[in-house]
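The entries follow the order in which I looked things up.

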Amino acid sequence: VNRRVNGEAANLDKAVEAAQEQLESIRKLQRAGLLDQLPDKLQLTAALRLENPELPLSELAEEFDPPVTKSCLNHRLRKLMELAKSVEG
């Protein structure tokens, strides 16, 4: 039981850390004025992550209309993070 609890706690810590990195990337794109220039799907992904910073990917994916897969959402968030890395500052 203890091992299971520790594993779940570690997974939760990873999810929180990943969400924080995603939020930082999105805010960096906002500050650079680039968010509005991105494709609609990436803009929507960024907006939903900003509105729901606490949600894990599986639940955030369900917020889309129509819902997207967790894999699709992960790909979009990775793209946003890659774009943010290319921004100065």
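**Entry 1: helix 1 against helix 4**

I began with helix 1 (residues 2–31) and helix 4 (residues 70–85), whose axes come within 9 Å and cross at roughly 55°. I noted that the model is a predicted one. For handedness, I wrote down that helix 1 passes helix 4 in a left-handed crossing.

Next I asked which residues of helix 1 and helix 4 meet. From helix 1 I listed Glu21, Gln22, Ser25, Ile26, Lys28 and Leu29. On the helix 4 side I listed Leu77, Leu80, Met81, Leu83 and Ala84. Sorted by type, the residues of this contact are seven nonpolar, two polar and two charged.

**Entry 2: helix 1 against helix 2**

I then turned to helix 2 (40–51). Helix 1 and helix 2 pack at an angle of about 125°, and their axes are 10 Å apart. This angle makes helix 1 oblique to helix 2. Helix 1 passes helix 2 in a left-handed crossing.

In this contact, helix 1 brings Ala19, Gln22, Leu23, Ile26, Arg27 and Gln30. These meet Ala46, Arg49 and Leu50 in helix 2. My tally for the contact of helix 1 with helix 2 is five nonpolar, two polar and two charged. I marked Gln22 and Ile26 in my list, as they meet helix 4 and also helix 2.

**Entry 3: the largest nonpolar core**

In soluble globular proteins, nonpolar side chains tend to be buried together. With that in mind I looked up the largest nonpolar core, which has 18 residues. Which of these residues touch the most other members? They are Leu29, Leu35, Leu38, Leu73 and Leu80. Helix 1, helix 2, helix 3 (57–62) and helix 4 each supply at least two residues of this core. Helix 4 gives the largest share, four residues.

Leaving out residues up to four places away in sequence, Leu29 touches Leu34, Leu35, Leu38, Leu80, Leu83, Ala84 and Val87. Leu80, Leu83 and Ala84 were already in my list for helix 4.

**Entry 4: a cis peptide bond**

Last, I checked a peptide bond. Is the bond from Asp65 to Pro66 cis or trans? The bond is cis, with omega near 0°. I also noted where Pro66 lies: in the loop between helix 3 and helix 4.

Technical notes: Residues are numbered from 1 along each chain as its sequence is written. This is a predicted model: local features need pLDDT of at least 70, side-chain atom pairs count only at pLDDT 80 or more; totals for chains, interfaces and linings use all residues. Side-chain values use heavy atoms; hydrogens and water are left out. Axes are lines fitted to C-alpha atoms, for helices over the stretch in contact, and angles run from 0 to 180 degrees between N-to-C directions. A crossing is left-handed if the near helix is turned anticlockwise from the far one by less than a right angle, and right-handed if clockwise. Contact means heavy atoms within 4.5 Å. Ala, Val, Leu, Ile, Met, Phe, Trp, Tyr, Cys and Pro count as nonpolar, Asp, Glu, Lys and Arg as charged, and the others, Gly among them, as polar. A nonpolar core is a set of buried Ala, Val, Leu, Ile, Met, Phe, Trp, Tyr and Cys residues joined through side-chain atoms within 4.5 Å. Buried means under 20% relative accessible area, exposed over 50%, partly exposed in between (1.4 Å probe, protein chains only). Angles under 35 degrees count as roughly parallel, over 145 as roughly antiparallel, 65 to 115 as roughly perpendicular and the rest as oblique.
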